[in-house]
Amino acid sequence: MALVDPWTVREAVRKSLPALAIYAVLLAAYFLIPGKSQLFATILFYALLGQAFNIFMGMTGYVDFGYVAFLAVGAYAFGVTAMALASLGSPGWTLIPLGLLAAAGAAMILASMVGAIALRLRGAYFAIATIGVNEGLRYFFEGANILGGSIGLYIVKDLKTLFGDEGYQFMATIAADLLMFGLAGFTVLVTAWILSSRMGFALQAIREDEDAARALGVNVTKYKVLAFMTSGALGGMLGALNWALKEGVLEPETVFFIVYTVEAIIIVVLGGAGTLLGPIVGALIYIGLNYVSNVYAAPLLEGIGIKASGLHLILLAPILIAFIIAAPNGIIGLLRERIRNPTIRRFLV
Amino acid sequence: MSSGREVLRVENVTKRFGGIVALDKVNLSIREGEMMSIIGPNGSGKTTLFNVINGVLKPDEGRVVFEGRDVTELPPYKRAAMGIARTFQIPKPWPNLSVRENVAIGALFGRLQGKITVKEAIAMADEIIEMVGLSEKAEAEAGKLTVPEKKLLELARAIAMKPKVLLLDEVVAGMSPRDADKVMETVVRVKREYGIAVVSLVEHVMRVVARYAERVVVMHQGRVLVEGPPGEVLRHPKVVEVYLGGEAI
């Protein structure tokens with residue numbers, strides 16, 4: 001019943017419009033601003049990362065420090081699918097649906113395995129347990145020499161077999177980015193639907209007080225696992241598109257890089273955990289500040305003789321801290337507190 | 001006194017925490033539409049009994065029967081969906097959600113779970129919020145309410161679950177007599193309208209017990225000490241002894 005409840009559908013569509021509008025502007029900028037397409041692709045990647053992460057962390061309040069493992073297994077699943085299809089001589093287009101399905105499936109399997117154990121833990125204990133998942137999986141891939149071990153998988157050759165030389169150039173550049181825009185739109189709709197349905201209410205109740213949620217009829221385990229698997233599946237597809245299709249290279253060092261998880265946390269908290277727009281706004285600010293400090297501010301300091309590696313990060317950190325202090329509930333949270341105008345509030349989802 | 005059929009039965013329930021016997025072979029029966037108060041000094045086992053009825057704690061011995069079905073092994077969320085609702089002694093609203101959202105969640109996951117859309121749940125929430133007198137705060141964040149308002153919110157949230165048994169844990173503690181009467185009159189109205197059995201735990205507010213309860217159960221050291229109509233029970237020498245100490249009688 002909840003799936004086809006027309007009110008929920010209308011609410012979900014209304015809630016998704018502002019976020020879809022931001023992605024439309026990003027898409028236009030990607031095509032229209034010369035020489036900056038990769039800056040917008042980077043913003044897109046982080047916005048998607050934040051959005052996918054937000055469905056679990058933002059809505060339930062559980063922090064998964066092993067989140068990037070979903071992106072990694074998704075990328076590997078996509079890579080293995082590409083190798084299999086290439087050796088079978090399948091037409092290239094089959095890779096996109098089959099590869100994405102494999103990526104989502106692999107991530108969901110990992111989510112159900114990790115979830116079955118770690119989701120019995122609460123708060124900080126859950127966070128600590130998940131740190132081990134990512135690092136453990138990485139060393140397992142490397143140590144057991146699975147899928148190329150520590151060297152990784154290079155699937156450019158297979159992608160070229162599937163798409164041809166020219167076709168591959170198109171797939172790895174514009175098509176990969178466009179597919180990520182598509183995934184971003186899909187993620188917006190999924191988030192908006194969750195927020196407008198029973199599941200969103202259940203997740204928020206869990207985040208706000210899990211004991212009360214349980215006493216008031218919410219099957220907390222079911223909803224936590226559902227959110228974890230949804231969040232993981234979206235992350236898996238993101239990893240597949242960003243690393244397997246776009247880069248064609250899957251190195252454990254890169255795909256299991258824990259910094260992506262930390263960045264996802266920053267983006268979600270910066271923008272507003274549990275909100276639809278939060279991670280997108282968070283990514284815009286985070287990448288925007290990163291870009292400005294890297295491209296403008298750090299060279300300026302170097303010009304007057306202050307040189308250090310990672311200088312731009314030293315500039316970035318205090319700004320991020322200031323943001324968090326000024327807006328502990330994120331930018332969207334702050335705006336929702338400050339703005340009373342009901343018309344504007346309707347857009348702050 | 002209500003003569004409705006039995007909705008909830010607690011049979012020979014014993015609960016120990018290490019060496020301490022918190023509940024010692026407790027037996028209780030609650031009827032449809034009945035207003036029962038469980039009283040007893042701090043540490044007498046009242047809240048433990050609630051936690052056993054609601055499923056937060058599993059008894060070491062004995063069983064809990066709800067509408068003829070043994071629910072002793074069921075988790076709290078399943079019991080809630082079957083019709084056992086509760087409030088907490090220290091209110092546990094979902095603080096960053098609005099009053100309306102808090103109550104709507106009660107409606108969505110209570111006895112109507114799966115049978116009600118989000119829109120209907122929100123409409124129902126607004127009705128109940130009005131009934132308990134919180135309409136002006138419908139949009140407010142639950143965490144920003146005063147304590148009496150939070151208690152009203154918890155009551156509204158539990159009512160929205162359309163329960164058959166409503167467990168109220170110290171719902172009027174710390175309230176002014178006027179606020180307490182307001183809350184209790186709402187409870188009475190709900191009880192009459194929906195035929196809900198109400199069990200309220202009360203430590204000290206005997207005025208409320210005397211005025212609203214139809215049956216009083218006195219607990220002491222994990223046991224049911226006396227049971228009966230409030231007029232009799234509150235004057236019972238054993239009860240006076242428990243509350244005022246042995247020397248007083």
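This is a predicted model: local features need pLDDT of at least 70, side-chain atom pairs count only at pLDDT 80 or more; totals for chains, interfaces and linings use all residues.
Helices here are DSSP runs of H or I, at least four residues long, numbered from the N terminus.

How long is the helix itself? Helix α6 of chain B covers residues 177-194, and at 1.5 Å a residue its 18 residues should span 26 Å; the end C-alpha atoms are 26 Å apart, so the two agree.

Quite a few α6(B) residues are buried, among them B:A180, B:V183, B:M184, B:V187 and B:K191. An α-helix has 3.6 residues a turn, so residues three or four places apart point the same way. The buried residues of α6(B) pack against several elements of chain B, including β3 (35-39), β7 (165-169) and β8 (197-202), plus the helices α4, α5 (147-160) and α7 (206-212).

Now for the interface. Chain B and chain A bury about 2300 Å² between them, 69% of it on carbon and sulfur atoms. On the chain B side, B:Y77, B:W94 and B:F109 lose the most area to chain A, together 28% of what that side buries.

| Interface item | Value |
|---|---|
| Contact residues, chain B | 26 residues |
| Contact residues, chain A | 24 residues |
| Salt bridges | 2 salt bridges |
| Polar contacts | 7 residue pairs |

One of the salt bridges joins A:D209 to B:K92, with the closest N and O atoms 3.7 Å apart. As for where chain B's side comes from, α2 (76-82), α3 (99-109) and α4 (118-132) each supply at least two residues, and α3(B) gives the largest share, 5 residues. By class, that side has 14 nonpolar, 7 polar and 5 charged residues.

Notes
Residues are numbered from 1 along each chain as its sequence is written. Chains are lettered from A and ligands numbered from 1 in the order in which they are written. Side-chain values use heavy atoms; hydrogens and water are left out. Contact means heavy atoms within 4.5 Å. Buried area is the accessible area (1.4 Å probe) that two parts lose on being put together, summed over both. A salt bridge is a side-chain nitrogen of Lys or Arg within 4 Å of a carboxyl oxygen of Asp or Glu. A polar contact is a pair of N or O atoms within 3.5 Å; within protein, one must be able to donate a hydrogen and the other to accept it, and residues adjacent in sequence count only if both atoms are side-chain atoms. Ala, Val, Leu, Ile, Met, Phe, Trp, Tyr, Cys and Pro count as nonpolar, Asp, Glu, Lys and Arg as charged, and the others, Gly among them, as polar. The expected span of a helix is 1.5 Å times one less than its number of residues. Buried means under 20% relative accessible area, exposed over 50%, partly exposed in between (1.4 Å probe, protein chains only).
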